[in-house]
Every structure is written in structure tokens, then in C-alpha cells.
Amino acid sequence: HHNPRILILSPTRELAFQTHKVVKQLATHTPFVSQIITGGFSAEQQLEKLQQPIDILVATPGRLLNIMSQEFIDLSNIELVIIDEADRMLDMGQGPDVNALLEAIPADFQAACFSATLAGSSIKRFAENILDNPELIQVDAPNQQSANVQQQIIFADDKKHKLALLKNLLEDETCLSAIVFCNKKDKAIELDQWLQQQKISSTVLHGDLVQAKRLAKTKSFMAKKIKVLVATDVAARGLDMLNITHVINYDLPYRGDIYIHRIGRTGRGQQAGIAYSLVESHEIPQLSRIQYHMQAKIPISKIKGMEAKTKVGKAVKAHKKPHKKKIAKKMKKK
């Protein structure tokens with residue numbers, strides 16, 4: 001019976017499953033045995049798995065900590081710890097759990113911390129806390145969008161107009177597979193129901209679904225049985241699906257890094273993809289924030305016969321961050 005030598009920590013079950021799938025594929029012709037431990041499944045089943053020899057363990061922090069506190073697993077042979085989507089872990093408040101797990105490893109080990117963004121002091125502190133003199137490797141600068149993704153903004157007058165635009169985009173023959181993003185779970189559920197009423201094949205993915213349901217929905221979307229996946233950010237983070245032709249922001253996100261994450265769901269590998277953002281006038285401040293974050297303007301597009309009546313161009317300019325000198329002048333006048 002041997003204990004794990006490599007520990008891979010993932011913030012969510014979905015990501016843990018995807019990681020474990022890749023680990024199994026890579027280990028096909030090797031003697032390495034891998035196991036996965038996450039919430040959402042009975043602890044008894046998972047404890048049985050831990051009685052077998054393991055080389056590589058993929059886990060979510062909460063469940064692993066729980067099992068460790070009952071002394072059902074021994075991490076004394078760990079040589080390498082990989083912390084995936086570290087920024088997401090911090091967002092979800094898993095920092096203390098990760099620290100507690102690492103402190104419980106008695107021997108020296110190498111640690112690697114992966115994160116889509118290193119923005120913000122909390123992730124820097126987290127990394128400094130767990131890594132000794134780390135090397136920083138940046139694959140792409142954090143505010144780089146994928147060159148394979150064509151981005152477009154389409155302005156909408158109101159909800160009714162926005163729904164009509166969405167339907168038009170999804171029914172276009174170039175749209176083979178799409179993710180539609182909403183900012184809130186309730187809106188995602190409502191939108192999914194509306195699409196089904198319109199006879200558009202869709203399903204919804206949000207953070208409160210039980211694990212089996214989420215896996216089933218993801219599978220049928222990936223197998224092209226369902227054309228449209230309506231999702232919230234929590235649900236879509238780390239979904240690694242190729243062949244998505246369209247990403248549509250039904251709601252604009254509030255942050256630029258989230259926008260980049262969303263549009264990165266298409267144009268994976270060498271494939272081209274398109275990302276549409278449907279923007280109502282009240283979302284202009286978000287749009288300005290996203291463009292400011294990317295240091296780039298997103299091209300504006302129109303659908304013939306469905307153009308917005310609201311003049312939005314002026315509003316976009318008005319919401320640019322005011323220049324410091326101008327602010328200073330105003331203060332003087334006061």
C-alpha cells in the first residue's frame with residue numbers, strides 16, 4: 001500500500017474531474033495510479049478508494065481536509081503539490097483550507113501555483129505564502145484576449161430587443177455550439193426556459209446543481225446533443241470544451257478579467273470563434289470598464305433590420321475614465 005506522491009488541488013468538482021481525466025489519459029501506459037476526492041459524492045465510497053495504492057491524488061480542498069482531519073489519508077510521501085486556478089480558490093474563500101493542507105505535509109515538497117490571472121495583492125500574498133523563491137512564468141499577459149476570437153458588440157434597446165437579437169444569433173447557420181453567459185443564476189434559468197419555448201435546444205449550468213446533473217448536462221453539450229449552454233461564471237470556469245463556435249454575453253460581466261475568461265471559451269486550440277456582447281444602455285459603464293481593462297475598443301456590429309434605436313455611441317465616450325489633469329482643474333475651480 002503506498003501513499004500519494006503528487007497532490008493536485010482544484011477549486012471546483014468540475015475542474016477536478018477534468019484534471020483527473022487528463023491525468024488518467026497521460027498515465028495510460030505507465031504504472032501510475034490516480035484517484036479523485038471531491039464533495040458531492042458519498043464520503044464512504046471515496047474512503048474505499050483511498051485504501052488502494054495511489055500515486056497521484058486530485059482533490060478539492062474542503063473534502064480532502066475533511067478526510068485528513070479524520071486521519072483517513074497520509075500525505076507524508078507528497079513530493080509535488082499543484083494548486084490549480086489559485087485565483088478562483090481565493091475568490092471562493094478556500095485559501096485557509098489550502099494553507100491547512102500544506103501545513104499538514106511533513107516532508108519537503110515542490111509546489112506549483114497556476115492561475116489565469118495574477119492580478120490583485122491577495123493572489124501574490126497567497127503565492128508568496130506557499131512558494132519558496134518561485135519562478136514566475138507568464139504564458140500570456142493577463143489582459144491578452146485570444147487572437148482566434150473575433151469580438152463584436154451589438155447594442156440592444158431593451159430586454160425584448162435583446163432576446164430577439166440572441167435568438168437571431170443562435171439560429172444563424174454558422175452557430176453550431178454556443179455558451180450564453182448570464183450574471184445571475186435566476187436569469188440563466190429564465191433564459192434557458194425561454195430558449196426552449198423558442199424551440200432552441202438548450203440547457204442551463206449554474207453553481208447550485210448537484211454534481212451528477214452538472215456532469216450529465218456538460219456531457220450532452222460536448223456531445224453536440226444540445227446546441228446552447230446557458231451558464232453563470234461559477235459554472236463555466238474551467239470548462240475545457242473544444243468546438244464552441246459562439247460565446248454570447250447576454251449580460252455583460254462587471255469585470256474585464258471575467259470578460260476575457262468568458263470569450264476564451266471559444267477559439268480554443270487552433271479554431272476560430274466569435275464572441276458577441278449584447279449591450280443595453282444601462283450596461284455602458286461595464287463596457288467602458290472592460291475596454292479600459294483590455295486597453296482596446298471592441299468593434300460594434302449590427303444585425304440588418306434589428307438595429308438599436310438608442311444612440312449609444314455618445315454614451316460610450318462619456319463613460320471613459322476622466323483624465324487626472326481635468327479632475328485637478330475641476331477641484332481648483334471649486
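1. Contact here means heavy atoms within 4.5 Å. Helices (H or I, at least four residues) and strands (E, at least two) are DSSP runs, numbered from the N terminus. The model is a predicted one, in which local features need pLDDT of at least 70 and side-chain atom pairs count only at pLDDT 80 or more, while totals for chains, interfaces and linings use all residues. Residue numbers start from 1 along each chain as its sequence is written, and side-chain values use heavy atoms, with hydrogens and water left out.

2. Helix 2 spans residues 43-50, and its buried residues are Gln-46, Leu-47 and Leu-50 (buried: under 20% relative accessible area; exposed: over 50%; partly exposed: in between; 1.4 Å probe, protein chains only). These residues lie on the same side of helix 2 because they cover an arc of only 105 degrees around the axis, the arc being that of the directions from the helix axis to the C-beta atoms. Glu-44 and Glu-48, on the other side of helix 2, are exposed. The packing partners of the buried residues of helix 2 are strand 2 (34-37), strand 3 (56-59) and helix 3 (61-69).

3. An open sheet with parallel pairing is formed by 5 strands in the order 2-3-1-4-5; two strands pair if DSSP finds at least two bridges between them. Strand 2 and strand 5 (110-113) stand at the edges with a single partner strand each, so one side of each has no neighbour in the sheet. On average, neighbouring strands of this sheet are turned by 15 degrees against each other, direction ignored. Within the sheet, strand 1 (residues 6-9) and strand 4 (residues 80-83) run parallel and are joined by 4 bridges. Leu-9 has Ile-83 as its bridge partner in strand 4.

4. A further open sheet, also with parallel pairing, consists of 6 strands in the order 6-11-10-7-9-8. Its edge strands, strand 6 (149-155) and strand 8 (202-205), each pair on one side only. From one strand to the next, the twist averages 20 degrees. Strand 7 (residues 178-181) runs parallel to strand 9 (residues 228-231), with 4 bridges joining them; Val-230 in strand 9 is the bridge partner of Val-180.

5. Two helices lie across strands of this sheet. Helix 11 (residues 256-263) lies across strand 6, strand 7, strand 10 (246-249) and strand 11 (273-279), and runs at about 150 degrees to strand 10. Helix 12 (residues 284-294) lies across strand 6 and strand 11, at about 155 degrees to strand 6. Axes are lines fitted to C-alpha atoms, for helices over the stretch in contact, and angles run from 0 to 180 degrees between N-to-C directions.
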